[in-house]
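Please look over the sequence and the model below before reading on.

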Amino acid sequence: MEATPEARTEVSLERTLEELLAVERFEPPAGFTRRRHIEADQAAADADPEGFWADAARDLLTWETPFTQVLDDSNPPFYTWFADGTLNLSVNCLDRHVAAGRGERVAFHWRGEEGERRDVTYARLLADTQAFANGLRQLGVQAGDVVGIFLPMIPEVAVAMLACARIGAVHNVVFGGFAPSAVAERMAVSEAKVLVTVDGARRKGKRAEVKAAVDAELGELPALAHIVVVRGPGEHPGVVPMTAGRDVWYDELLAAAEPDCPAVALPAEHPLFILYSSGSTAKPKGILHTTAGYLLGATYTHRMVFDIDADTDVYWCSADVGWITGHSYIVYGPLSNGATSVMYEGAPDYPDRDIWWRIIEEYRVTVFYTAPTAIRTCIKWGPEFPGRHDLSSLRVLGTVGEPINPKAWLWYHLVIGGGRCPIVDTWWQTETGSVLISPLAGVTATKPGSATRPLPGISPALFAEDGKPLTEGTGILVITRPWPSMLRTLYKDDERFVETYFSRFGPSTYVVGDAARLDADGYFWIIGRIDDVINVSGHRLSTAEVESAIVAHEAVAEAAVVAEPDEQTGQAIVAFVTLAGERIGDAEVEAQLRDHVARRIGKLARPRRIIWADDLPKTRSGKIMRRLLRDVAAGRELGDVTTLRDPAVMAVIADRVRGARDDEE
């Protein structure tokens, strides 16, 4: 029986991927114009790092009071940048573009999951930001007060953030996929004065009554004086609970507010936002970023890493605003650069698995930035979904969130980028504020799986356990010199800030928490968190390296690797594997995978156990929650799973782990 065209395409793609896996280095394509600029930036940064950042701050940002100080490093690790200058972030993101005659440029092409469309111009965004800033003032919000934001991916989330920045309030955005209890916790510890939320939110055609759920968890918070409620997209069934004197509708607040709100000139080090970690380990950390240094990092890296031309590009970052990626590369970086972006409220597989590619075709997206986890999911679904659409507008692809394995990199390169688009594999953190290590589109030769080299003005290094610098090999990733967009502290917890990031090698060395490898070309390969290293019989193995080896097998769509205790070897490897297409996991495939890993890494890296998983536990942003997999592998009781995209996944995996143990016994 002859194979279908789809099956022949799959086989052809697999053969091409296998051939390209042998290619170690991809030269940058022609046609990009930033090479000379980047080379000049790198030379300037190497010669005079502070002078480089000072010039960039003057060139890229609009100041009310020009700064004369650049870096104050007199009290490490509490560094400050441009401290005697004043500016306003919303002016940099909105007013200056409108004043330059670009008010009718689209800031966001917003697309709802049911096909709704809104084009929000810079002029409209400025008008709504001014009105909402005045509305917040009417509710008693002053400079320095904390405003919580718990909204889906709708334009009002950007309005709320920018309005806070306009009057000097500190925003505390909570990811829309978190449980209401997480919202209540973050409002309590940050002492938020106002919470901005939504009546209800949609996901894959289902509606969640958000306001009612938040009310049930908030209880009595002494500092929380008001809740502002946005009417979300779609129908509004039922009665939304509104407490008289406390709660107010967003649209009514805007309608009653004065239209003009002059921006407050704020000190460069004025707090801009708090962003709490997910709480996957211990108490969530409130990471505090300030205004000028953060904005400089987001603006510079967005423009240079992605080769952004605000006059011609249509840019789309598929992250959620509730994460740092959304702060820096959906809101602040693109708006500061005057770019046009896509904002999508919905899942990547609703109403069909081609929705992302349909949106790219419709808006002629030129720059697309997403997570490796999302790419691996698309691989599992198959190339026919992107194959339905014209993706020829794309010219730059980016990845963010975790190291990308070479097979996923190559699939992204071939199927989405058509083999013509450079891929910028960016490394950074919530704490760093902006990208620190990355290829530059059209400039850097890339190696699939490597974040390549640091950006101008950034000084990463590898240290051995004893703190000695390494020129090659694997070690602890550190940053040896301060940079403008770095976190300033942990909110109300300076002691934990120092202990977490600066205690190991001294107050001038920021300890990233990641392990990395440095190759002979000076390229960085991020291995993963330091605690994502498995020690098998004294041999340290990277979970990311083992995962990449497993995923390189043609039968595998996705994999996550964790350690479990072992009396003989100290630790053993457990692999949770999702197979591609309709394949079924059996003893034959298991043996193939073990042999495959042994050939690519060595026999020590062979998983002791392979658990077949229809899906892996992921947050709504696509991050794999390996903590839960470690717990289930070790037989520990699972903690809170409500933040997962599909909480039922863990119950299925736990049953399979128990079944595997029963079979062993």
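Predicted model: local features only at pLDDT ≥ 70, side-chain atom pairs only at ≥ 80, totals over all residues.

Residues are numbered from 1 along each chain as its sequence is written, and side-chain values use heavy atoms, with hydrogens and water left out.

Helices (H or I, at least four residues) and strands (E, at least two) are DSSP runs numbered from the N terminus. Strands of a sheet pair through backbone hydrogen bonds, either parallel or antiparallel. Here two strands are said to pair if DSSP finds at least two bridges between them.

Start with an open sheet of seven strands, ordered 5-4-17-16-18-19-20, with mixed pairing. Its edges are strand 5 (117-121) and strand 20 (423-425), each of which pairs on one side only. From one strand to the next, the twist averages 20 degrees. Within the sheet, strand 16 (residues 314-317) is joined to strand 18 (residues 367-370) by three bridges in the parallel sense; in one of these pairings, tyrosine 315 has valine 367 of strand 18 as its bridge partner.

Helix 6 lies across strand 4 (106-112), strand 5 and strand 17 (340-345), and runs at about 25 degrees to strand 5. Axes are lines fitted to C-alpha atoms, for helices over the stretch in contact, and angles run from 0 to 180 degrees between N-to-C directions. Contact means heavy atoms within 4.5 Å.

A nonpolar core is a set of buried Ala, Val, Leu, Ile, Met, Phe, Trp, Tyr and Cys residues joined through side-chain atoms within 4.5 Å. Buried means under 20% relative accessible area, exposed over 50%, and partly exposed in between (1.4 Å probe, protein chains only). The largest core has 146 residues, and Phe82, Phe132, Phe306 and Tyr332 touch the most other members. Helix 6 (residues 155-167) gives the most to this core, with ten residues. A second, separate core of 35 residues includes Leu17, Phe368, Trp409 and Cys421. Leaving aside residues up to four places away in sequence, the contacts of phenylalanine 132 include Val159, Ala160 and Ala163, along with Tyr250 and Leu253.

Strand 15 (residues 286-290) is mostly covered, with five of its five residues buried. Gly286, Leu288 and Thr290 are on one side and Ile287 and His289 on the other. Strand 14 (residues 271-276) runs antiparallel to strand 15 and is joined to it by five bridges, with proline 271 opposite threonine 290. Strand 24 (residues 489-490) also pairs with strand 15 in the antiparallel sense, over two bridges; there, threonine 489 is the bridge partner of leucine 288.
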